[in-house]
Amino acid sequence: MLPIQLAASLLVLTVLMRRRGLSLRDPDASPILGRLGLLNPWLAYSLSLLGLVSISASLSVLLWAIEPLLILFLAVMFLGERVTPAVVALSLVALAGLLLVVYDPTSTGHWSGIALTLAGVACCAAYTIIARRWLGTATSTAQVVAAQQAHALAFSVVVLGAIAILGGAVRPESVTPAGWLSAAASGVLYYAAAYWFYLTGLRAAPAWLAAVSFYLIPVFGVAGGFLLLGERLDPRQWLGVVIVLGAAVLLVRWHGLGKPTLI
């Protein structure tokens, strides 16, 4: 799945960059930025997908909910970003609301799946911190995204080749044309569009503030299920949605109002 998604994303990015007269490589950008693609998306999502083999999807969502809080503390430690106690408190409130939205008492999982998923979360958090540190060296965000995904795609192909040599199955069976199309479309939506938007925002915002958007991912998920699939939310989930949205708005306003930056 990952090579298919990355190939579709890279194809779209290449076409868009050519139309804007951009080369695929930014000579001014730090080489670290392109190599970050090996950390995220390749390693982070490989670990996450492996973790899903032995844990439930709902437990995976719960574990990923700690990513924005982890980014906040890493940003303070390694980027010197300063946050107020109120920002930390609101982040914890957002996390609590998120748990109300996605908590499922039937969530199960083996310790190995939990460890793999947490390792993937740590990779994504580290990616944000390192990218924020070096993004200022790049002229174009699109070139950064393309370089990262080219690295990730190349390594994915190498891994698939190794699996094939060892006798493993590398080609999915019984996939319909609609299945191939959905895989490619999801790659364009997530890897091309989402990474481009996120890194563009990360240029202008502190890492901890950019990570606030991650609290909204499950909210968009349940909202999509409600609007498009006819799923119903119970009162606990509605309360969680309100808490997450309220905390996210306050976090953005708190930063915009220029509050004192003392931790």
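## Contacts along the chain

Take the contacts in the chain with a separation of 6 or more: 89% of them join residues 24 or more positions apart. This is a predicted model, and every value here is computed from it.

## Fold and dimensions

The chain has 12 helices and zero strands. Its pattern, read along the sequence, is α-α-α-α-α-α-α-α-α-α-α-α. The radius of gyration is 19 Å, close to the 18 Å that the globule rule gives for 263 residues, so the chain is as compact as a globular protein of that length.

The C-alpha trace spans about 50 × 45 × 35 Å along its principal axes. Buried residues make up 43% of the 263 in the chain.

## Surface

Which residues make a nonpolar surface patch of about 250 Å²? They are Leu-38, Phe-155 and Val-158. Phe-155 sits in helix α8, which covers residues 141–165. Its relative accessibility is 37%, so Phe-155 counts as partly exposed.

## Salt bridge

How many salt bridges does a search of the whole structure find? The search finds one. Arg-236 pairs with Asp-234, and their closest N and O atoms are 3.5 Å apart. The pair qualifies because the cut-off is 4 Å between a side-chain nitrogen of Lys or Arg and a carboxyl oxygen of Asp or Glu.

Arg-236 has a relative accessible area of 30%, so Arg-236 is partly exposed. Asp-234 is at 30% relative accessibility, so Asp-234 counts as partly exposed too.

## Confidence

The average pLDDT of the chain is 88. A score of at least 70 is reached by 97% of the residues.

Where does pLDDT stay under 50? Residues 257–263 are such a stretch. For residues 257–263 the model has 10 contacts beyond four places in sequence.

Technical notes:
Residues numbered from 1 in each chain as written. Predicted model: local features only at pLDDT ≥ 70, side-chain atom pairs only at ≥ 80, totals over all residues. Heavy atoms only, no water. Patch = residues over 30% accessible without salt bridge, like charges linked within 9 Å, V, L, I, M, F, W, Y side chains within 5 Å. Areas by Shrake-Rupley, 256 points an atom, 1.4 Å probe, with all protein chains shown as cover. Helix = DSSP H or I, 4+ residues; strand = E, 2+ residues; numbered from the N terminus. Buried < 20%, exposed > 50% of the residue type's maximum accessible area, 1.4 Å probe, protein only. Rg over C-alpha atoms; globule rule 2.2 N^0.38 Å. Contact = heavy atoms within 4.5 Å. pLDDT = per-residue confidence, 0-100.
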